[in-house]
Amino acid sequence: PDGTSATSGIQTSAGAVNYVRIVGNTIQNFSASCYLIDFNSGSISERVTIIGNFLTSAVTSGSFNGVYFNSSITDVVMLNNIVDGSSSPSAWGVNFSGSVSGAFINANRFANLPGAAVLLGADDASDTLDRIVVVGNAAMNCEAILKDATTNGAVVGNTIFTL
């Protein structure tokens, strides 16, 4: 969508999203706030694999999310992706804004993400984040590899690892 003002490259709809594989895509050059891979509000995602994608944008204002989970996710694997953000201060490689039970984020390259490579952004007391492993990723020009920005009583479990 070169230069388009669309908000998502790949987007799920509300409801169950199971055994989805997103492999080998190039999504780039949105001109406004965007979610390049978007598991939107109301979707309940299980066993999602995201491998070998190139996600980039030149958004200078608004927000940039390489991969956005805005609801419940169980057992996501994200391997060998390149997520190159923007100069927007609200730029994240992966944004978990709902409950997460099992995420393995490994061997990805995150670049130019002033927000963080991976954001734990759950903002509701009913949200729980647990079994999240973020290891072996390369990060360049990122505020952090993993940032906890949970609010309003979201529960962060004790099995969250980063290296």
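Which strand has the lowest mean pLDDT among the elements of the protein, and which the highest?

**Figure 1. Confidence across the predicted model.** The structure shown is a predicted model. Its mean pLDDT is 86, and 93% of the residues reach a score of at least 70. Among the elements of the protein, the lowest mean pLDDT, 69, belongs to strand β19 (residues 160-162). The highest, 96, belongs to strand β3 (residues 21-23).

**Figure 2. The six-stranded parallel sheet.** An open sheet is built from six strands, arranged in the order β1-β5-β8-β11-β14-β17 with parallel pairing.

**Figure 3. Pairing of strands β14 and β17.** Strand β14 (residues 116-120) pairs with β17 in the parallel sense, and three bridges connect the two.

Figure 4. Ser-8 lies in strand β1 (residues 8-11). Its relative accessibility is 17%, and Ser-8 therefore counts as buried, the limit for that class being under 20%. The side chain of Ser-8 makes a polar contact of 3.0 Å with the side chain of Asp-38. When residues up to four places away in sequence are not counted, Ser-8 touches Phe-30, Tyr-35 and Leu-36 as well as Asp-38.

**Figure 5. The largest nonpolar core and Phe-96.** The largest nonpolar core has 36 residues, of which Ile-50, Phe-69, Val-94, Phe-96 and Phe-110 touch the most other members. Strand β5 (residues 34-39) gives the most to this core, contributing four residues. With neighbours within four places in sequence left aside, the contacts of Phe-96 include Phe-69, Ile-73, Val-76, Ala-103 and Ile-105. Phe-96 is also in contact with Val-118, Leu-119, Leu-120, Gly-121, Ala-122 and Leu-129.

Figure 6. Asp-75 is placed in strand β9 (residues 72-79). With a relative accessibility of 30%, Asp-75 counts as partly exposed. Asp-75 and Ser-45 are separated by 30 residues in sequence, and their C-alpha atoms are 8.4 Å apart in space. Leaving aside neighbours within four places in sequence, Asp-75 contacts Arg-47, Val-48, Ser-101, Gly-102 and Arg-131.

Definitions and conventions
Residues are numbered from 1 along each chain as its sequence is written. This is a predicted model: local features need pLDDT of at least 70, side-chain atom pairs count only at pLDDT 80 or more; totals for chains, interfaces and linings use all residues. Side-chain values use heavy atoms; hydrogens and water are left out. Buried means under 20% relative accessible area, exposed over 50%, partly exposed in between (1.4 Å probe, protein chains only). A polar contact is a pair of N or O atoms within 3.5 Å; within protein, one must be able to donate a hydrogen and the other to accept it, and residues adjacent in sequence count only if both atoms are side-chain atoms. Contact means heavy atoms within 4.5 Å. pLDDT is the predictor's confidence in each residue, from 0 to 100. A nonpolar core is a set of buried Ala, Val, Leu, Ile, Met, Phe, Trp, Tyr and Cys residues joined through side-chain atoms within 4.5 Å. Two strands pair if DSSP finds at least two bridges between them.
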